[in-house]
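Hi everyone, thanks for coming. Let me put the model up on the screen, and then we can walk through it together.

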Amino acid sequence: MACGGDPRVRWSTGRKARLSTGDLGVLWRRHVAQTYQMQPRTALDGGELMIDGQLAPVLDEVLRRNPGEAEFHQAVREVFESLAPVLAKNPQYADAAVLERICEPERQIIFRVPWVDDSNRVQINRGFRVEFNSALGPFKGGLRFHPSVYLGIVKFLGFEQVFKNSLTGMPIGGGKGGSDFDPRGRSDGEIMRFCQSFMTELYRHIGEYTDVPAGDIGVGGREIGYLFGQYKRITNRYESGVLTGKGISWGGSLVRTEATGYGTVMFAREMLKTRGLELEGQRVVVSGSGNVAIYAIQKAQQLGATVVAFSDSSGYVVDEAGVDLDLLRQIKEVERGRVDLYEERRGSAKFVAGGSIWDVPATVALPCATQNELDEAAARTLLTNGVIAVAEGANMPATPEAVAAFQEAGTLFAPGKAANAGGVATSALEMQQNASRDSWTFEHTEDRLEGIMTGIHDRCAETADAYDRPGNYVAGANIAGFTKVADAMIALGVV
Ligand code: NAP
């Protein structure tokens, strides 16, 4: 089908247009699940139900109102499983319908993102921004560009973000966004045109006092640059605080790039300390090889651990000599290649196509790729091989059954909303620097990150103790994150 006057500009999805939106959604999710070997789970699929009687009807209503959003159901259920004792102690939360309100995003925006590829074909993607909760501050959370993105993924991430941001102690609410755009294999020009089109709609919904997006999977410094450039052009404002993850020379913060991976390892170090252990000498496996994974590897190595494996969606690499981080960064950050290139260039490395990286024995496991990448079978393999600590660098990478297996075995387990909060916390530090037209040194900013991560660890541990769940960081994170937001929501009235 021709579009406009230029015969070279054509719809690339003409056949799909004859299908209904519902068909498309089902077909698309099936295609993505097959392509990316994802295993979306339903919330009530036979797993052990630990939802309190008071919470069950609220969860039922969430499932009814948000059909087909498996990841969102999973995230809500996981938080609800921790909240029964909180509601028992604090009847004011039920009286003010805080749970019902906290599960309903304040605003959900879905928009068309049209752009023209290098072959002059018109491409259409779908853009999302879910502004989940602004009780503590402007909505804050990343943008994800990945073909698996649909409303359920954005809502799960936004929901998690609310509690994570609360845990940081910084004045930030929670939100998330993204697109089903697949950046893989796209030229720099295509990425720029996509980002510009995406921002041409998004700009009217964001602002330094309203909603402050950042990066996530598929959105790094390059994409933030194109997004910020378009925002600046449309609004005629150099409003640095509207996006975080900016380049250092144009309003970014030192340590932001490293912060999520560094913070995850700092959290793991604090957990190990509670058992009189340290990271030095541990054997570490890190899944993924993107932003979070690379800087988790770097910090683990700085603290004396040996990192022996990493991965991407094509497979995993084992390097018994310890990962050569410079080589990995060259392949991933400069050449944007696949991890099998690492094997070609390093004698001690072995690439395994497909398979599970969790088959590689480790004492510390850091899942840093994506949601539901570590299932119960993988958890049992890790346990058999002697894992003592697991910290989630990614959001919800361990399935509920995997988390239960770790907890039953007494393994230290840190949920992502606590362990990977260093990224958003440093984004809040970036906002502070933007607001004061200042820029801090690497050392000062890393010290602040250290203080924040240690604080989150202690808050989770103390809250778990106070609610009689010692050592349960999942309960500690959920309860501490929830109560702060809930109290603010009550203070602000029914809005
Ligand atoms: P990234 O730079 O895009 O890297 C993602 C990595 O995960 C890549 O190695 C990618 O491999 C792999 N991956 C993605 N989807 C996959 C799938 N379906 N199956 C297997 N591997 C997959 O993203 P990131 O920023 O590191 O984010 C990683 C995780 O951390 C996400 O869960 C994100 O939400 C979370 N997180 C990120 C931040 C942050 O500051 N960046 C903060 C908090 C939490 P391919 O290249 O082959 O796809």
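Let me start with a question: which atom of the ligand does a backbone N or O atom of Val292 lie 2.9 Å from? It is an oxygen atom of the ligand. Before I go on, a word on the source: this is a predicted model, where local features need pLDDT of at least 70, side-chain atom pairs count only at pLDDT 80 or more, and totals for chains, interfaces and linings use all residues. Residues are numbered from 1 along each chain as its sequence is written, and side-chain values use heavy atoms, with hydrogens and water left out.

Back to the ligand. An N or O atom in the side chain of Asp216 is 2.6 Å from a ligand oxygen, and a polar side-chain atom of Ser313 lies 2.5 Å from an oxygen atom of the ligand. On its own the ligand has 880 Å² of accessible area, and the protein covers 86% of that. Those areas come from the Shrake-Rupley method with a 1.4 Å probe; for residues, only the protein chains shown count as cover.

Who is in the shell? There are 26 residues around the ligand, and the closest are Asp216, Thr260, Ser313, Arg338 and Asn395. By class we have six nonpolar, 13 polar and seven charged residues. For the classes, Ala, Val, Leu, Ile, Met, Phe, Trp, Tyr, Cys and Pro count as nonpolar, Asp, Glu, Lys and Arg as charged, and the others, Gly among them, as polar. Helix 9 (256-273), helix 10 (291-302) and strand 8 (306-312) each supply at least two residues of the shell. Helices here are DSSP runs of H or I with at least four residues, strands are runs of E with at least two, and both are numbered from the N terminus.

Now to Asn420, in the loop between helix 15 (416-419) and helix 16 (422-435). Its side chain makes a polar contact of 3.2 Å with the side chain of Asn395, which is one of the closest residues to the ligand. By polar contact I mean a pair of N or O atoms within 3.5 Å; within protein, one must be able to donate a hydrogen and the other to accept it, and residues adjacent in sequence count only if both atoms are side-chain atoms. A polar atom of the Asn420 side chain also lies 2.9 Å from the backbone oxygen of Ala394. Is Asn420 buried or exposed? At 4% relative accessibility, Asn420 counts as buried. The cut-offs are under 20% relative accessible area for buried, over 50% for exposed and partly exposed in between, with a 1.4 Å probe and protein chains only.

Next, the loop between helix 8 (221-235) and helix 9, where we find Val255 and also Lys246. The side chain of Lys246 reaches two backbone oxygens: that of Ser240 at 2.8 Å and that of Leu243 at 2.6 Å. Lys246 counts as buried, at 5% relative accessibility. Beyond its neighbours within four places in sequence, Lys246 is in contact (heavy atoms within 4.5 Å) with residues including Phe228, Glu430 and Asn434.

Most residues other than glycine have a negative phi. Val255 is buried too, at 1% relative accessibility. Asn372 also has a positive phi, of about 55°, although it is not a glycine. You will find Asn372 in the loop between strand 11 (364-367) and helix 13 (376-384).

Let me move to the strands. Glu131 is in strand 3 (residues 121-133), buried with a relative accessible area of 0%. The side chains of Glu131 and Arg107 are joined by a polar contact of 2.6 Å. Glu131 also touches Asp211, among others, and Asp211 is one of the buried residues of strand 6 (residues 211-214). Strand 6 has both faces covered, with Asp211 and Pro213 on one side and Val212 and Ala214 on the other.

To finish, the whole chain: 18 helices and 13 strands, with buried residues making up 54% of the 495 residues. Thanks, and over to you!

Methods: Near = heavy atom within 4 Å.
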